[in-house]
Every structure is written in structure tokens, then in C-alpha cells.
Amino acid sequence: MTAYVIFIRDSIKDAEEMATYGQKAGAARGDHQITPLAFYGAVETLEGPPVDGVVLLSFPDSAAAHAWYDSPAYQDALQHRLKGADYRVMIVEGLG
């Protein structure tokens with residue numbers, strides 16, 4: 001079942017850390033089957049607090065999403081994201 005990783009960026013704290021994160025996260029893609037569906041495009045908040053940006057990634061299933069997220073390469077990048085911005089991140093399973 002398709003799974004989606006959703007990144008909701010609330011605010012940037014350190015632009016340099018985010019630049020490092022961007023470089024390392026891109027390299028962390030490796031051989032993982034990731035399909036970007038949205039990547040910091042225009043956001044219209046309909047409910048709740050406004051957000052700074054959203055990324056939506058598609059994976060074949062939640063195991064593939066976890067394999068990417070839990071990979072050493074992404075975990076290395078993650079340390080820079082945690083220093084650079086406030087995010088909410090989740091995995092959501094699709095319908096079929």
C-alpha cells in the first residue's frame with residue numbers, strides 16, 4: 001500500500017543548517033524509491049496555524065518510507081534539519 005511522508009515546516013531557525021540539510025537529504029535519496037509529489041510550493045492554509053512550507057513524498061509502502069527515513073544517510077541529514085527548523089513529519093498510508 002502506498003505510503004506518504006509529509007513534512008510540514010513551521011519555521012526556519014538557522015538557514016545555514018537548512019542548507020546543509022538540503023545537500024545531505026538530497027544525497028540520502030540513494031536507491032530508495034521516492035516520488036516527490038509536492039516540494040515547498042505555494043501553500044494556502046485553510047485551518048490551523050499558517051505553515052512555512054510542505055513536502056509530500058510517495059513511497060511504495062510504509063516499510064520503504066521507514067527504510068529511507070531510518071537510513072544512516074538520512075539520519076545524518078536529519079540532525080541538521082532539527083537544528084535548522086521546526087517541522088512536523090508523519091507517514092500516512094494510502095487507500096490502496
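## Burial and aromatic contacts

Buried residues account for 29% of the 96 residues in the protein chain. The model is a predicted one.

The protein chain contains three helices and four strands, and from the N terminus its elements follow the order β-α-β-β-α-α-β. Along the principal axes, the C-alpha atoms fill a box of roughly 35 × 35 × 15 Å. Of the contacts in the chain with a separation of 6 or more, 78% join residues 24 or more positions apart.

Eight aromatic pairs are found in a search of the whole structure. Two of them share Trp-68 and are set out below.

| Pair | Centre to centre | Angle between planes | Class |
|---|---|---|---|
| Phe-59 and Trp-68 | 5.6 Å | 35° | tilted |
| Trp-68 and Tyr-74 | 4.3 Å | 40° | tilted |

Why does Phe-59 count as buried? Its relative accessible area is 2%, and the cut-off for buried is under 20%. Trp-68 is buried by the same cut-off, because its relative accessible area is 4%. Tyr-74 is buried as well.

Phe-59, Trp-68 and Tyr-74 belong to one aromatic cluster, which also includes Phe-7, Tyr-21, Tyr-69 and Tyr-87. Tyr-87 has a further neighbour: Arg-81 lies over the face of its ring, 4.8 Å from the ring centre.

Technical notes: Residues are numbered from 1 along each chain as its sequence is written. This is a predicted model: local features need pLDDT of at least 70, side-chain atom pairs count only at pLDDT 80 or more; totals for chains, interfaces and linings use all residues. Side-chain values use heavy atoms; hydrogens and water are left out. Rings of Phe, Tyr and Trp (its six-membered ring) pair if their centres lie within 6.5 Å; planes under 30 degrees apart count as stacked, over 60 as edge-to-face and the rest as tilted. Buried means under 20% relative accessible area, exposed over 50%, partly exposed in between (1.4 Å probe, protein chains only). A charge sits over a ring if NZ of Lys or CZ of Arg is within 6 Å of the ring centre and within 35 degrees of the ring normal. Helices (H or I, at least four residues) and strands (E, at least two) are DSSP runs, numbered from the N terminus. Contact means heavy atoms within 4.5 Å.
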